[in-house]
Amino acid sequence: MGVDELTEPGAGPGSGSGGLTDVAGLRVGHAQVPGERALSGTTVVLAPAGGVVAAVDVRGGGPGTRETDALDPRNLVQRIEAVVLTGGSAFGLESAAGVMAWLEEQGRGVRVGPDPSQVVPVVPAACVFDLGRGGDWHARPDASTGRAAVEAAAASAEGAPVAEGAVGAGTGAVIGRFKGGVGTASCVLESGITVAALVVANAVGSAVDPRTGALYGAYGTERTDEPEPAVHAAAQSRLAEVREKNGPPPLNTTLAVVATDADLTRAQAHKLAGTSHDGIARAVRPVHLLNDGDTVFALATGAKPLDKADPLALNDVLAAGADMVTRAIVRAVRAADGVDGPGGVFPSYRELYGTE
């Protein structure tokens, strides 16, 4: 793949936070819905002023999205200022309105009139299903949640580490029978190009191999963490209890933002969004079902050109995008804290298997 450095948050020489914000200019903000019985939130990826090239690829059969048609390479909008990932199912897409309002106040968006303030911010968004996970079906993100998340992103320092686990859009996330959440990862290719991913892991499928208790996405890495048989047996017993209490498997959707500082065309960004879905398929089984809404956004800041002498130079970026999505899902599962409340019991991988 031509990876020079593969980093984790807080680790790696000269590699920043090891997350999405390693792509210079990108910022991430999280906000949670307030209330004791609320378990939902919103995450905003904020581009540098002037926006970034963006694309999207939707593979799940039950997506909840907003403004994704604007990202079709055949359509008008060339660059966007922010992407919203949110809980609350389709209700939560209202959070994008708060981000639009903030961007308009900054004069950021597609200019549609002679006055520089006359802009229409295009804010693509996608949602996960987490309704009722905290016990209150009506506790869901709205415009104020989106505004809080984008303000948090704008207030953060460039390159600031991205909070992981049950934060933002991952607050109420569940993956299989385990608590899910937000995860992020990044790498630097031999070319010097950075590729990074941020995911919200909230899937019908499982991230854990039922035969061994190992994370699917960790197979083949130095941290496969295959548990001892006795630990796995105890975990399976606990999950059986949870299954009986919670009822049918939880719904749905893994979301991802894959970003790079490479100079990509809109068509190339679209290809990156599509191949990055392979990273979900490596870490979650089954995937892309009718009750999933799996959606991947791709962002390119354009700071570093691809090698024009190599017609296959994009391949390294494509391969890295999928790898970073897999790694980010593993990090999301490992970072999550379990929940035991009126909306259900969702144990964390860490508490059942004792791994960090």
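This briefing describes the surroundings of one glycine and then the aromatic rings of the structure. The model is predicted, so local features need pLDDT of at least 70 and side-chain atom pairs count only at pLDDT 80 or more, while totals for chains, interfaces and linings use all residues. Residues are numbered from 1 along each chain as its sequence is written, and side-chain values use heavy atoms, with hydrogens and water left out.

**Gly-168**
- Gly-168 lies in the loop between helix 2 (143–155) and strand 10 (174–175), where helices (H or I, at least four residues) and strands (E, at least two) are DSSP runs numbered from the N terminus.
- With 0% relative accessibility, Gly-168 counts as buried, a term for under 20% relative accessible area, as against exposed for over 50% and partly exposed in between (1.4 Å probe, protein chains only).
- Not counting residues up to four places away in sequence, the residues that Gly-168 touches include His-30, Ala-31 and Ser-40, contact meaning heavy atoms within 4.5 Å.
- Gly-168 and Ala-31 are 137 residues apart in sequence, yet 4.9 Å apart in space, C-alpha to C-alpha.

**Aromatic pairs**
- Four aromatic pairs are found in a search of the whole structure; rings of Phe, Tyr and Trp (its six-membered ring) pair if their centres lie within 6.5 Å, and planes under 30 degrees apart count as stacked, over 60 as edge-to-face and the rest as tilted.
- One of them, Phe-129 with Trp-137, is edge-to-face, at 6.3 Å centre to centre and 65 degrees between the planes.
- Phe-129 is buried at 19% relative accessibility, whereas Trp-137 is partly exposed at 44%.
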